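Biologist: I would like to go through this chain with you, one question at a time. Please show the sequence and the structure before we start.

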Amino acid sequence: MAKSTSTTRASKTTKAPRKKTTPKAVAAPKPEPAAPATVVDAPKPVVLGPMMRKPELINAVVEKSGLKKKDVKPIVEATLAVLGAALQDNRELNLQPMGKIKVNREKIKPNGKVMIARIRQSKDAFSATADPDPKDLDPDVAPPTAAE
């Protein structure tokens, strides 16, 4: 058997040797002194309770005022109508102890208007256990006495 011989041709072109480059050292920026830690109060999530509807509101006013339901119902409905009209007219409401109500923005929908409002209550807001102020009640209707 014959051996195959292969010859390699030497390249006539010579390559120039590459220069070795080293990256220059870059000075790291000096760290700034840390700012003193500050405590940030994050907003607290609001857990919604059950929704209050008009009949429940009327019953709560009857219980709180001691008046009869037939007397309270038209007053509550008229009050809600006035409040709704005031919001419709983009009026700001300041109704203590409920709070100050301001409509921030609104969006018109096909079935009505959506209002995004901010309500600000003072720290000493009206508690549910407090008695109504007698000067806020109708002077013609005397509050029930213990004898009644």
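Modeller: A term is needed before the questions: two residues are in contact when heavy atoms of theirs lie within 4.5 Å. Among the contacts in the chain with a separation of 6 or more, 24% are between residues 24 or more positions apart. The model is a predicted one.

Biologist: In what order do the helices and strands of the chain run from the N terminus on?

Modeller: The chain has two helices and three strands. Read from the N terminus, the order of these elements is α-α-β-β-β.

Biologist: Is Ser 65 buried or exposed?

Modeller: Ser 65 belongs to helix H1. Its relative accessible area is 12%, and the cut-off for buried is under 20%. Therefore Ser 65 counts as buried.

Biologist: Which backbone nitrogen does the side chain of Ser 65 reach?

Modeller: The side chain of Ser 65 has a polar atom 2.8 Å from the backbone oxygen of Val 61. The side chain of Ser 65 also reaches a backbone nitrogen, at 3.2 Å, and that nitrogen belongs to Leu 67.

Biologist: What percentage of the residues in the chain are buried?

Modeller: The chain exposes about 14800 Å², of which carbon and sulfur atoms supply 57%. Of the 148 residues in the chain, the buried share is 7%.

Biologist: Why is Gln 121 called partly exposed?

Modeller: Gln 121 sits in the segment after E3. Partly exposed covers the range between the cut-offs, under 20% for buried and over 50% for exposed. Gln 121 falls in that range because its relative accessible area is 48%.

Biologist: Which residues is Gln 121 in contact with, leaving aside its neighbours within four places in sequence?

Modeller: Gln 121 and Gln 96 are 25 residues apart in sequence, and their C-alpha atoms are 8.0 Å apart in space. With neighbours within four places left aside, the contacts of Gln 121 are Pro 97, Met 98 and Gly 99.

Biologist: Which backbone oxygen does the side chain of Gln 121 reach?

Modeller: Met 98 is one of the residues in contact with Gln 121. At 2.8 Å, the side chain of Gln 121 reaches the backbone oxygen of Met 98.

Definitions and conventions. Residues are numbered from 1 along each chain as its sequence is written. This is a predicted model: local features need pLDDT of at least 70, side-chain atom pairs count only at pLDDT 80 or more; totals for chains, interfaces and linings use all residues. Side-chain values use heavy atoms; hydrogens and water are left out. Helices (H or I, at least four residues) and strands (E, at least two) are DSSP runs, numbered from the N terminus. Buried means under 20% relative accessible area, exposed over 50%, partly exposed in between (1.4 Å probe, protein chains only). Accessible areas come from the Shrake-Rupley method with a 1.4 Å probe; for residues, only the protein chains shown count as cover. A polar contact is a pair of N or O atoms within 3.5 Å; within protein, one must be able to donate a hydrogen and the other to accept it, and residues adjacent in sequence count only if both atoms are side-chain atoms.
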